[in-house]
Amino acid sequence: MVTIRKVLRAGHPLVRQSAREVSDEELSSSDISDLLEDMLETMRDHHGVGLAAPQVQAGLRLLVYEIDANERYPQVEESIGPKTLINPTIVARSAEMVTDWEGCLSLPDLRARVPRHQWVRVEALDAEGDKRTFRAEGFEARVIQHEMDHLDGRLLIDRVEDTQSFSFVEEYQRYHAGRAE
Ligand code: NI
């Protein structure tokens, strides 16, 4: 049965801990498939576009994402996923950085402008345990970098360069959404 799990917020010590790799034995276990299913449903329930295991109190290097316009992200234009990345690593990345708005389920109602690599090449196991290498760019690359940061206990607030961009969602929608900045 799928369970909507509690999403830890910033301040909970586990949000700041590094996660460990998923072992081969764990990969084929029902615990991991249950966790992945719960994470997808938890992410959708909270209108998120990505979720990392440490956010639901599981200290493992895995994440899910699904990109589609929703009520938290009405400006999103692409439609990608759902995707599962297990033990992901970034094997190459663009020199070019792009700064854009980001939110996080562990920082409810907060938005800020965060610089990220424009594209990343990622190596990870998928939900079946098969190794995949792929290139992601734009918003997908942003989501992957954000979620992978969670695996190392890092939050978007650690990456913000322009601290004046910190905004609550209501003010973001009112003053910043859809404007070129
Ligand atoms: Ni987050």
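Mentor: Two strands are said to pair if DSSP finds at least two bridges between them, and strands themselves are DSSP runs of E with at least two residues, just as helices are runs of H or I with at least four, both numbered from the N terminus. This is a predicted model, in which local features need pLDDT of at least 70 and side-chain atom pairs count only at pLDDT 80 or more, while totals for chains, interfaces and linings use all residues. Residues are numbered from 1 along each chain as its sequence is written, and side-chain values use heavy atoms, with hydrogens and water left out.

Trainee: How do you know that β4 and β5 are paired?

Mentor: Since 6 bridges join β4 to β5 (residues 110–117) and the rule asks for at least two, they count as paired, and the two strands run antiparallel.

Trainee: What makes β4 and β8 edge strands?

Mentor: The open sheet has 3 strands in the order β4-β5-β8, with antiparallel pairing. Both β4 (97–102) and β8 (167–168) pair on one side only, which puts them at the edges.

Trainee: How do you know that β6 pairs with β7?

Mentor: There are 7 bridges between β6 (residues 119–125) and β7 (residues 131–137), which run antiparallel, and E123 has T133 as its bridge partner in β7. Their hairpin has 5 residues between the strands, and there G129 takes a positive phi near 85 degrees.

Trainee: Why are C104, H146 and H150 called donors of the nickel ion?

Mentor: The atoms SG of C104, NE2 of H146 and NE2 of H150 lie 2.1 to 2.2 Å from the nickel ion, and a donor is an N, O or S atom within 2.8 Å of the metal (3.2 Å for Na, K and Ca), so these three qualify, although sites may look incomplete as water is not among the atoms. C104 is in the loop between β4 and β5, whereas H150 is in helix α3, 46 residues apart.

Trainee: Why is T84 called buried?

Mentor: T84, in strand β3 (residues 80–93), has 17% relative accessibility, and buried means under 20% relative accessible area (exposed is over 50%, partly exposed in between, with a 1.4 Å probe and protein chains only), so T84 counts as buried. Leaving aside neighbours within four places in sequence, T84 is in contact (heavy atoms within 4.5 Å) with residues including L36, L63 and L125.
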